[in-house]
Amino acid sequence: RDRGFPFLVVHPADVDIERERSSIDGKSKNVFWDIEIEIFTSDRGYGRNDGKGLTHVDTISNSLIQTFMNISNRKTLRDSSLSMTNPTTTSVGTMVIHNELVYRRSIMISFENRIGVCT
């Protein structure tokens, strides 16, 4: 019955080109990307996994945060001119889908880059 859980939804990036903070010469601007990742787990499982939806959502979100905060991963992003702010998370929410208790948490990851613009 737990087929399909857990699953992640990675939303398209929300891109914002900051118009107020351009370089002095006007040739570059800051660009911000916000990416939301939603984690869904179920309280139904087989055997020892039954009733562990909350534990699973915490485990998955902790793993994702550790991956994004990993110094090597952050360095790789920085070397590609992408700096990342600290991820933020929501508290765990619950919902019932087809008589099944489902847990949901959202993680927001934000990146910043400076790009050249045509004048």
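The legends below describe close-up views of one predicted model. Residues are numbered from 1 along each chain as its sequence is written, and side-chain values use heavy atoms, with hydrogens and water left out. Because the model is predicted, local features need pLDDT of at least 70 and side-chain atom pairs count only at pLDDT 80 or more, whereas totals for chains, interfaces and linings use all residues.

**View 1. The largest nonpolar core has nine residues.** Ile37, Ile39, Val57, Leu64, Met84, Tyr103, Ile107, Ile109 and Phe111 form this core, a set of buried Ala, Val, Leu, Ile, Met, Phe, Trp, Tyr and Cys residues joined through side-chain atoms within 4.5 Å. At least two core residues come from each of β3 (28-42), α1 (53-69) and β7 (100-116), and β7 gives the largest share, four residues. Helices (H or I, at least four residues) and strands (E, at least two) are DSSP runs, numbered from the N terminus.

**View 2. Ring pairs link Phe5, Phe7 and Phe40 into a cluster.** Rings of Phe, Tyr and Trp (its six-membered ring) pair if their centres lie within 6.5 Å, and planes under 30 degrees apart count as stacked, over 60 as edge-to-face and the rest as tilted. The Phe5 and Phe7 rings, with centres 5.5 Å apart and planes at 45°, are therefore tilted. Phe7 and Phe40 are stacked, at 4.8 Å centre to centre and 15° between the planes.

**View 3. Phe40 is buried, while Phe7 is partly exposed.** Buried means under 20% relative accessible area, exposed over 50%, and partly exposed in between (1.4 Å probe, protein chains only). Phe40 has 9% relative accessibility and Phe7 has 33%.
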